[in-house]
Amino acid sequence: VRKEVLNPVVKLMDIEAPRVAKSAKPGQFVIIRIYDKGERIPLTIADYDPEKGTVTIVFQEVGKSTKLLGTLNEGDYILDFVGPLGNTMEVPKDAKKILGVGGGVGIPALYPKLKMLHQEGYKVEAILGGRSEEYVIFKKEMEAVCDKVHYATDDGTLGKKGFVTDVLKEVLENDKEVDYVITVGPVIMMKNVCKMTKEYNIPTIVSMNPLMVDGTGMCGACRIEVGGETKFVCMDGPIFDGHLVNFDLAMTRLNMFKKQEKVSLELYEQ
Ligand code: FES
């Protein structure tokens with residue numbers, strides 16, 4: 001029902017899916033399939049409106065399926081829109097201040113979590129990062145639900161020049177009230193955030209976004225290692241204790257079909 005171009009590679013869509021909108025919770029995701037032979041794309045729910053019956057998705061056009069999704073316009077249909085899937089987060093009732101750290105399309109995935117915590121009365125701050133100012137999306141939305149938002153960009157066009165972890169270090173050094181961290185973004189970013197929060201002994205949760213096929217615990221495509229055990233992100237996650245996740249293995253698995261993904265994109269673009 002609504003499409004918005006957020007930056008040259010990221011689009012937002014409000015999808016009419018009343019039953020998903022009614023039962024969605026922050027942190028959950030959907031799996032969509034555009035046509036009957038289409039790849040299944042897992043996307044974290046960026047927002048939902050049970051009254052309007054809409055669910056907001058935000059996606060980056062990285063391969064054939066997401067590019068195809070980006071060609072759909074208001075009034076078009078998506079064949080399958082399955083969800084809400086996955087667990088939701090639990091934050092300790094006595095947390096003093098919660099810090100959200102988001103990068104790229106992880107920012108809209110972080111948004112409903114911080115929004116809910118803000119509504120529940122928690123003190124909430126965020127650190128958001130991207131390549132440059134235009135790649136840091138959902139600024140207005142985040143500023144509306146956070147007591148303070150810090151920014152970091154690779155080129156310094158917004159906030160500090162550098163990575164979110166550079167700002168994170170400053171915040172953790174100066175603000176001893178922060179006692180819980182939620183991070184969503186590229187796997188390497190989450191890995192570095194968790195490494196740092198571990199040094200400061202601050203519990204941290206992450207939202208994992210691996211390859212998925214069925215989304216119901218049958219195929220094993222989404223498996224990751226958490227605390228030395230195999231977990232299925234679609235059933236056991238996507239939210240996990242970031243200090244227990246094997247991020248290196250997650251990155252290897254995420255990249256294992258890169259060659260096929262490249263060929264598929266080339267064929268699509270011919
Ligand atoms: Fe198949 Fe999780 S996507 S088991």
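**Entry 1**

The model is predicted: local features need pLDDT of at least 70, side-chain atom pairs count only at pLDDT 80 or more, and totals for chains, interfaces and linings use all residues. Residues are numbered from 1 along each chain as its sequence is written, and side-chain values use heavy atoms, with hydrogens and water left out.

I then traced the pairing of β1 with β2, which is antiparallel and runs over five bridges. A hairpin of two residues joins β1 to β2. I took strands as DSSP runs (E, at least two residues), numbered from the N terminus, and two strands as paired if DSSP finds at least two bridges between them.

**Entry 1: the open sheet**

I followed seven strands through an open sheet of mixed pairing, in the order β11-β10-β9-β8-β12-β13-β16. At its edges I noted β11 (160–161) and β16 (239–241), each of which pairs on one side only. Within the sheet, β8 (residues 97–103) and β9 (residues 123–130) pair in the parallel sense over seven bridges. For Ile98, I recorded Val124 as the bridge partner in β9.

**Entry 2: domains and their interface**

I noted the division of the chain into domain 1 (2–85) and domain 2 (89–205); these bounds come from an automatic or database domain assignment. The domain centres, taken over C-alpha atoms, are separated by 24 Å. The contact (heavy atoms within 4.5 Å) takes 15 residues from domain 1 and 13 residues from domain 2.

I read the buried area between domain 1 and domain 2 as about 1100 Å², with 68% of it on carbon and sulfur atoms. Buried area is the accessible area (1.4 Å probe) that two parts lose on being put together, summed over both. Of the area that domain 1 buries against domain 2, Asn7, Pro26 and Ala46 supply 37%, more than any other three residues.

I found one salt bridge across the interface of domain 1 and domain 2, the term being a side-chain nitrogen of Lys or Arg within 4 Å of a carboxyl oxygen of Asp or Glu. I also looked up the salt bridge of Asp47 with Lys115, in which the closest N and O atoms are 3.1 Å apart.

On the side of domain 1 that touches domain 2, β1 (2–7), β2 (10–16) and β6 (54–60) each supply at least two residues. I noted that β6 gives the most to this side, with three residues.

Definitions and conventions: Helix = DSSP H or I, 4+ residues; strand = E, 2+ residues; numbered from the N terminus.
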